[in-house]
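Thanks for coming. I have one structure to go through, so please look at the screen while I talk.

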Amino acid sequence: MNHLSQNIRVAVEKDNPSLERIENKCVKCGKCAALCSNFVSVNNHYDLMKTGKSVCVNCGQCIKECPVGALVGKEEYRKVEALLEDKSKVFVVSTAPSIRVGLGDEFGLPAGSFVEGKMVSLLRSLGFNYVLDTNFGADLTICEEAAELVERIKSGKLLPMFTSCCPAWVKFLETFYPEMKDNLSSCKSPISMFGAVIKTYFANKLGIDPSKIVNVTITPCVAKKFEIRREEFNASAKFNNLPMRDFDFCITTVELAKWAKEKGIDLKSLPDSDFDEFLGKSSGAGVIFGNSGGVVEASVRTAYSYLTKKAPSSLLLNFQDVRGLNEIKTAEIEIANQKLKLAVVSGLANARKLIERIKQGEKFDFVEVMACPGGCIGGGGQPKHIGEEKTYQEKRIASLYERDKQLKVRAAHKNPQIVALYDEFLEGFASEKAKALLHTSFINRSKDLAGKTQKAVKMLQYKCTLCGEVFELDEQKEVICPVCKLKGEKIIKVGERKTD
Ligand code: SF4
Ligand code: SF4
């Protein structure tokens, strides 16, 4: 056992792709443990003494909670920076919806500042050859997910359909509720759909050898570092019959800001620049994917059109019932004489509550779950503002809805580049080719909760009154502070637990 008690702090494995702990900064305050137990409902839902290994869904919310910066995202930007020297490669970068309303914080701009143009300039000045918009990937997800929702509603099977774009939520369900994994939409997330499209359609259209592409996604989310490494996200390798991953690197908002600062670039001083024309345009529906409720609102806009052959109603262009920071939101709508019951959840402890309601018999048709407060805008890779998070979340949410309002095309299936992609390459909505590139399946991870059973022991927790170290020892062991080596009565007992 390499970890301290789960009551003291969350256990983080060295091979966790999303986060790490800087050991000498940790003051063992317990805040990460409380957050992971109460908001994420992972930490106190497994027994470390049984598993011998941490269970983590990679959400990164503990990073946001740690008051001393001991928990941080695993950085990848230095690897990308080094690779950018290789002129034989083609560097493609794409940016998730929430980056453009979070990045400005790191450069002293007001909360929620919409810095899309400056963000694109920054990425060009760092040396990327193509700067694309993940919002295009969100439009693609919406088209596939709306088609899947309509199909499930018509057949009455596997309802409610759960959204599947939040990798922490997907891993949570795979771990704690694997019996419901078929309720997850089989759609990949916008990022993972886009990764497959970039190394196939995009490469073909532009005459680029896909094996030369270094594909980088910028995300507000540290769980995406886990998602892009899921074994199954290699559709481009199968398509091209070449060894490759759909995405090669994932960099967070915080990392991007750090990289810019190290290069001496001040975001504020940069001019605005546009995304590349090809695969750089999205609808307003793609924009709001960053907000809690955005996936449901965006998908229902398109599902409405699929079912009625009409443009989305004004209610669905401003769907207040699913917006905002409430942790569980519900709404009912009627489309083509069909009543739909919707739920939108942020925070995995709240998802657990909703799942229990569903298990008790409450009916829903479509449920969106995001692990982070307010959705991706509150992701573990976004700049943090301890004590002011809610204010920042509200401003970022408002900024994305404002952008949606400004765009002419507000339904994903009306994005002309999406229409062209289906016509030229994917062979229609929900086609076999679309299924191969854009859909996935899920796995049962419940065995991660069991592990090998160890003999029951009584663990005693102590605090050293000299250096402040909090530590845990088997009751059989001699009590010596592991930091300052103090022994005796100046070490006070602060708790105990029995393993089983
Ligand atoms: S200092 Fe950070 S890592 Fe250490 S216990 Fe507190 S919240 Fe957790
Ligand atoms: S990343 Fe999320 S699940 Fe993992 S320890 Fe931190 S809060 Fe818990």
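Glu 297 sits in helix α13, residues 294-308. Helices here are DSSP runs of H or I with at least four residues, strands are runs of E with at least two, and both are numbered from the N terminus. This is a predicted model, in which local features need pLDDT of at least 70 and side-chain atom pairs count only at pLDDT 80 or more, while totals for chains, interfaces and linings use all residues. Residues are numbered from 1 along each chain as its sequence is written, and chains are lettered from A and ligands numbered from 1 in the order in which they are written.

Is Glu 297 buried or exposed? Glu 297 counts as buried because it has 29 C-beta neighbours inside 10 Å. The cut-offs are these: a residue is buried with 20 or more other C-beta atoms within 10 Å of its own, exposed with 12 or fewer, and partly exposed in between, with C-beta atoms placed from the backbone. Leaving out residues up to four places away in sequence, Glu 297 touches Ile 288, Leu 316, Phe 319 and Val 322. Contact means that the C-beta atoms of two residues, placed from the backbone, lie within 7 Å. The C-alpha atom of Glu 297 is also 9.8 Å from that of Leu 342, and these two residues are 45 apart along the chain.

Leu 342 takes us to a sheet. In β9, Leu 342 is the bridge partner of Ala 331. Strands β8 and β9, the latter being residues 338-346, run antiparallel and are joined by eight bridges. Two strands count as paired if DSSP finds at least two bridges between them. In general, strands of a sheet pair through backbone hydrogen bonds, either parallel or antiparallel. The sheet is open and has four strands in the order β5-β10-β9-β8, with mixed pairing. β5 and β8 (328-335) are at the edges with a single partner strand each, so one side of each has no neighbour in the sheet. Helix α14 packs on this sheet and touches β8, β9 and β10, and its direction makes about 145° with that of β9. For that angle, axes are lines fitted to C-alpha atoms, for helices over the stretch in contact, and angles run from 0 to 180 degrees between N-to-C directions.

Helix α7 is next. Why is α7, residues 167-176, described as largely enclosed by the rest of the structure? It is because nine of its ten residues are buried. Among them are Trp 169, Lys 171 and Phe 176. The cover over the buried residues of α7 includes α9 (223-227), α14 (348-359) and β10 (366-370).

Now the backbone. In general, most residues other than glycine have a negative phi, and most peptide bonds are trans. Asn 58 is not a glycine, yet has a positive phi of about 70°. Asn 58 is in the loop between α2 (48-51) and α3, and it is buried, with 23 other C-beta atoms within 10 Å. Glu 427 likewise is not a glycine and has a positive phi of about 65°. Glu 427 lies in the loop between α16 (416-426) and α17 (432-438), and counts as exposed, with 11 C-beta neighbours inside 10 Å. The peptide bond from Leu 159 to Pro 160 is cis, with omega near 0°. Pro 160 is in the loop between α6 (134-155) and β5 (161-162).

On to the ligands. Which residues come nearest to ligand 1? They are Arg 9, Cys 26, Cys 29, Cys 32 and Cys 66, out of 14 residues around ligand 1. A residue is near a molecule or strand if its C-beta atom, placed from the backbone, lies within 6 Å of it. The shell around ligand 1 has eight nonpolar, one polar and five charged residues. Here Ala, Val, Leu, Ile, Met, Phe, Trp, Tyr, Cys and Pro count as nonpolar, Asp, Glu, Lys and Arg as charged, and the others, Gly among them, as polar. Ligand 2 is surrounded by 13 residues, the closest being Val 10, Cys 36, Cys 56, Cys 59 and Cys 62. That shell divides into nine nonpolar, four polar and no charged residues. Helices α1 (31-40) and α3 (61-65) each supply at least two residues of the shell around ligand 2.

Last, a hairpin. Strands β11 (residues 458-464) and β12 (residues 470-474) run antiparallel, joined by five bridges. Tyr 462 stands opposite Phe 471 in β12. Five residues lie between the strands of this hairpin, and Gly 468 takes a positive phi near 85°.
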